[in-house]
Amino acid sequence: MNHPSYCHIVVLISGSGSNLQALIDASTTANFKISAVISNNQEAYGLQRAEKNNIPVQVIDHRSFETREDFDLILRKTIDEINPNLIVLAGFMRILGSNFVNHFSGRILNIHPSLLPKYPGINTHQRALDGGEQEHGVTVHFVTEALDGGPIIAQMKVPVLEEDTPDILAARVLNREHIIYPKTVAWFGAGRLRMEGTRAILDGEPLPPTGVQIKYEPIP
Ligand code: GRF
């Protein structure tokens with residue numbers, strides 16, 4: 001039985017799972033618990049991170065399904081059985097269809113490595129450099145049918161430096177992802193955060209279109 005006083009989350013991953021690790025670390029003192037980790041990729045290193053922390057894992061390989069809808073349906077049924085309060089996408093590299101997203105409406109978060117609405121999709125760091133940006137960053141948002149387009153909850157900006165390569169910039173952003181994601185999940189866990197239509201609501205107030213701006217702190 002899920003403990004009622006915690007927010008139970010399921011984390012979906014496809015790869016390294018460093019954001020998962022940040023959530024695991026935070027969950028030891030936060031108001032949320034990770035009930036399960038699900039990956040579409042058997043090789044995802046994040047699965048090992050979960051197992052090391054005694055978190056149940058499941059692999060649902062999208063390649064075993066003929067259609068995207070079939071994959072989504074099994075994923076949905078698997079999550080329904082776990083019955084979490086929140087689904088947290090952490091580097092989950094599959095686009096979820098409208099049936100899935102609407103079934104869990106208002107209960108799915110995603111983290112995206114850009115200052116949305118700039119640079120949805122992939123290769124965000126390269127594109128920010130190509131675009132001559134002086135600022136880049138990370139966004140946490142509710143997931144809706146619009147790809148990387150759901151209501152924004154929070155952002156953290158990072159500076160772009162002259163000598164940056166996509167990898168250097170990605171690492172700077174990723175460090176901040178590890179700060180911002182546990183924070184926003186904890187807001188949801190505390191009942192402070194919800195989605196209403198096209199807006200994210202925090203403490204009863206609709207957030208501005210680019211969400212809460214969390215201050216950048218240089219990491220030594
Ligand atoms: C992160 O940059 C996240 O923003 C993006 O995918 C990457 C996942 O990294 N959605 P990790 O697997 O959490 O290390």
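Student: What is the order of the strands in the open sheet of 8 strands?

Tutor: First, the conventions: this is a predicted model, in which local features need pLDDT of at least 70 and side-chain atom pairs count only at pLDDT 80 or more, while totals for chains, interfaces and linings use all residues. Residues are numbered from 1 along each chain as its sequence is written, and side-chain values use heavy atoms, with hydrogens and water left out.
In general, strands of a sheet pair through backbone hydrogen bonds, either parallel or antiparallel. Here the order is β3-β2-β1-β4-β5-β6-β7-β11, and the pairing is mixed. At the edges are β3 (57-59) and β11 (212-214), each pairing on one side only. On average, neighbouring strands of the sheet are turned by 20° against each other, direction ignored. Strands (E, at least two residues) and helices (H or I, at least four residues) are DSSP runs numbered from the N terminus, and two strands pair if DSSP finds at least two bridges between them.

Student: In which sense do β5 and β6 pair, and over how many bridges?

Tutor: β5 (residues 108-112) and β6 (residues 135-142) pair in the antiparallel sense over 4 bridges. On β7 and β11 the sense is parallel, over 3 bridges; Met156 has Ile214 of β11 as its bridge partner.

Student: How many residues of β7 are buried?

Tutor: Buried means under 20% relative accessible area, exposed means over 50%, and partly exposed lies in between (1.4 Å probe, protein chains only). Of the 8 residues of β7, 6 are buried, so this strand is largely enclosed by the rest of the structure.

Student: Which strands does helix α1 lie across?

Tutor: α1 (residues 18-27) lies across β1 (7-13), β2 (32-39), β4 (86-89) and β5, and runs at about 155° to β2. Helix α3 (residues 68-82) lies across β1, β2, β3 and β4, also at about 155° to β2. The axes behind such angles are lines fitted to C-alpha atoms, for helices over the stretch in contact, and angles run from 0 to 180 degrees between N-to-C directions.

Student: What covers the buried residues of α1?

Tutor: The cover includes β1, β2, α2, β4, β5 and α6 (166-189), where contact means heavy atoms within 4.5 Å. In α1, 8 of the 10 residues are buried, so the helix is largely enclosed by the rest of the structure. Among them are Leu20, Leu23 and Ile24.

Student: At what angle do α1 and α2 pack?

Tutor: Two packed helices are described by the angle between their axes and the distance between the axes. For α1 and α2 (residues 45-52) the angle is about 15° and the axes are 9 Å apart. The two are therefore roughly parallel; that label covers angles under 35 degrees, with over 145 counted as roughly antiparallel, 65 to 115 as roughly perpendicular and the rest as oblique. The contact is made by Ser18, Leu20, Gln21 and Ile24 of α1 and by Gly46, Arg49 and Ala50 of α2.

Student: At what angle does α1 pack against α6?

Tutor: The angle of α1 to α6 is about 45°, with the axes 9 Å apart, which makes α1 oblique to α6. From α1, the contact uses Ser18, Asn19, Ala22, Leu23 and Ala26, and from α6 Leu174, Glu177, His178, Tyr181, Pro182 and Val185.

Student: Where does Ser39 lie, and is Ser39 buried or exposed?

Tutor: Ser39 lies in strand β2 and counts as buried, at 0% relative accessibility. Leaving aside neighbours within four places in sequence, Ser39 is in contact with residues including Ile13, Leu47 and Val59.

Student: Which peptide bond is cis, and where is its proline?

Tutor: Most residues other than glycine have a negative phi, and most peptide bonds are trans. The bond from Leu116 to Pro117 is cis, with omega near 10°, and Pro117 sits in the loop between β5 and α5 (124-130).

Student: What is the phi of Asn54, and what is that of Asp148?

Tutor: Asn54 has a positive phi near 60°, and Asp148 has one of about 55°. Asn54 is in the loop between α2 and β3 and is exposed, with a relative accessible area of 72%. Asp148 lies in the loop between β6 and β7 (152-159) and is buried, with a relative accessible area of 15%.
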